[in-house]
Amino acid sequence: MIAQIDIVETDRTDALRRSWIGAARELAGCPGFLNAQLHVVFKRFNARGYDLISVVRWTDINAHYAARAAGLERPLEADRGINLYGLVDRSEFVEQPARESRLVITNPYRIRQPQAAENAMMWGATKALMAGRDGFISAELFQSYHPEHDTYYFISRAEWESEDAFMKQLAGKDYKNLVAPFEGTFQICLSHVVDEIAKGG
């Protein structure tokens with residue numbers, strides 16, 4: 001599975017949301033399309049920026065490029081970068097009570113290849129720590145296929161049952177000790193999925 005992940009800072013949220021829905025629906029009929037989600041960011045930590053995050057998932061990279069060759073556009077295009085990412089690590093899914101809008105945490109990493117291994121180890125340690133906490137649902141780590149062109153080498157995504165559950169994790173001493181050496185390499189955005197298009201949708 002691969003994902004096209006575009007992260008955008010904009011003051012045109014409503015207009016871009018409308019155009020995103022139309023473009024995602026066109027992609028939904030393509031072979032290899034899995035789903036598309038549009039997130040609206042409502043809170044940020046340790047940095048400014050980011051209003052919308054688009055995640056379009058494909059079975060493989062060839063399916064993505066076939067859609068592009070057919071002239072279909074990305075639902076949301078970031079200012080720069082190809083923004084194609086492969087899934088390199090994920091947690092087991094933890095069932096939680098159904099909620100209308102789960103919290104999604106997105107962390108883009110501004111690092112380069114020499115820093116990748118230690119950042120991936122830190123992410124794996126925090127994933128293991130989070131997996132035992134109340135309210136945790138899932139976590140994924142994506143790595144850029146084109147790091148020479150993309151702003152972010154890694155992008156991680158985690159779902160929590162509520163903001164309160166996540167904030168308890170964020171405030172924990174064990175979490176702070178794990179991430180302290182990496183301050184400034186990644187940013188934390190809290191969002192909700194506002195639109196989702198499934199295959200054939």
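This is a predicted model: local features need pLDDT of at least 70, side-chain atom pairs count only at pLDDT 80 or more; totals for chains, interfaces and linings use all residues.
Residues are numbered from 1 along each chain as its sequence is written, and side-chain values use heavy atoms, with hydrogens and water left out.

**Barrel and helix**

The fold contains 8 strands that close into a barrel in the order 1-3-2-8-5-7-6-4, with antiparallel pairing. From one strand to the next, the twist averages 35°. Strands (E, at least two residues) and helices (H or I, at least four) are DSSP runs numbered from the N terminus, and two strands pair if DSSP finds at least two bridges between them. Strand 1 (residues 2–8) pairs with strand 3 (residues 52–58) in the antiparallel sense over 7 bridges; A3 stands opposite R57 in strand 3.

Helix 1 (residues 13–27) lies across strand 2 (33–45), strand 3 and strand 8 (188–198), and runs at about 160° to strand 2. Axes are lines fitted to C-alpha atoms, for helices over the stretch in contact (heavy atoms within 4.5 Å); angles run from 0 to 180 degrees between N-to-C directions.

**Aromatic pairs**

Rings of Phe, Tyr and Trp (its six-membered ring) pair if their centres lie within 6.5 Å; planes under 30 degrees apart count as stacked, over 60 as edge-to-face and the rest as tilted. By this rule the count is 7 aromatic pairs. Two of them are tabulated.

| Pair | Centre distance | Plane angle | Class |
|---|---|---|---|
| F33 and W58 | 5.6 Å | 85° | edge-to-face |
| Y50 and Y152 | 6.3 Å | 90° | edge-to-face |

F33 in strand 2 and W58 in strand 3 are 25 residues apart. Buried means under 20% relative accessible area, exposed over 50%, partly exposed in between (1.4 Å probe, protein chains only). F33 is buried at 1% relative accessibility, and W58 is buried at 2%. Y50, in the loop between strand 2 and strand 3, and Y152, in the loop between strand 6 and strand 7, are 102 residues apart; both are buried. Ring pairs also link Y109, Y153, F154 and F186 into a cluster.

**Loop residues**

S91 lies in the loop between strand 4 (84–90) and strand 5 (103–109) and is buried, with a relative accessible area of 11%. Beyond its neighbours within four places in sequence, S91 is in contact with K127, F136, S138 and A139. E148 lies in the loop between strand 6 (136–144) and strand 7 (154–160) and is exposed, at 54% relative accessible area.
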